Amino acid sequence: MNSHLDDPAIREADAQAVMDHVLNGVPLDPEVARRVRERSERATAKVRRKFGTVNVAVDLIRETRDEE
């Protein structure tokens with residue numbers, strides 16, 4: 001496990017860097033992007049282990065078509 005990914009100070013700094021990038025166009029450091037991607041992959045894997053792969057897109061598209 002990468003402890004730097006779990007460090008609250010680093011997570012907060014990464015979140016701020018992403019917000020600055022999105023809201024103000026500040027370039028995103030590649031290392032920040034890598035950590036954010038790695039956290040995202042870990043979270044996705046955790047959800048898949050807990051719930052399996054859930055595909056709701058087809059049902060949502062069908063519901064939308066039925067409402068029109």
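Reader: Which residues make the nonpolar surface patch here?

Author: In general, patches are built from residues with over 30% relative accessible area and no salt bridge, joining like charges within 9 Å and nonpolar side chains (Val, Leu, Ile, Met, Phe, Trp, Tyr) within 5 Å. Accessible areas come from the Shrake-Rupley method with a 1.4 Å probe, and for residues only the protein chains shown count as cover. In this predicted model, Val 47, Phe 51, Val 54, Val 56 and Leu 60 make a nonpolar patch of about 490 Å². A note on reading the model: local features need pLDDT of at least 70, side-chain atom pairs count only at pLDDT 80 or more, and totals for chains, interfaces and linings use all residues. Residues are numbered from 1 along each chain as its sequence is written, and side-chain values use heavy atoms, with hydrogens and water left out.

Reader: Is Leu 60 buried, partly exposed or exposed, and what is the rule?

Author: Buried means under 20% relative accessible area, exposed means over 50%, and partly exposed is in between (1.4 Å probe, protein chains only). Leu 60 has 47% relative accessibility, so it counts as partly exposed. Leu 60 sits in helix α4 (residues 57-67); helices are DSSP runs of H or I with at least four residues, strands are runs of E with at least two, and both are numbered from the N terminus.

Reader: Where is Asp 14 found, and which residues is it in contact with?

Author: Asp 14 belongs to helix α2 (residues 8-24), and counts as buried because its relative accessibility is 2%. Contact means heavy atoms within 4.5 Å. Setting aside neighbours within four places in sequence, Asp 14 is in contact with Val 32, Arg 35, Val 36 and Arg 39.

Reader: Which residues does Asp 14 form salt bridges with?

Author: A salt bridge is a side-chain nitrogen of Lys or Arg within 4 Å of a carboxyl oxygen of Asp or Glu. Asp 14 forms one with Arg 35, where the closest N and O atoms are 2.6 Å apart. That pair links distant parts of the chain, 21 residues apart: Asp 14 is in helix α2 and Arg 35 in helix α3 (residues 30-51). Arg 39 also forms a salt bridge with Asp 14, at 2.8 Å between the closest N and O atoms.

Reader: How does Arg 35 relate to Glu 31, and what network do the salt bridges form?

Author: Both Arg 35 and Glu 31 lie in helix α3, four residues apart, about one turn of the helix. Salt bridges that share partners join Asp 14, Glu 31, Arg 34, Arg 35, Glu 38 and Arg 39 into one network.
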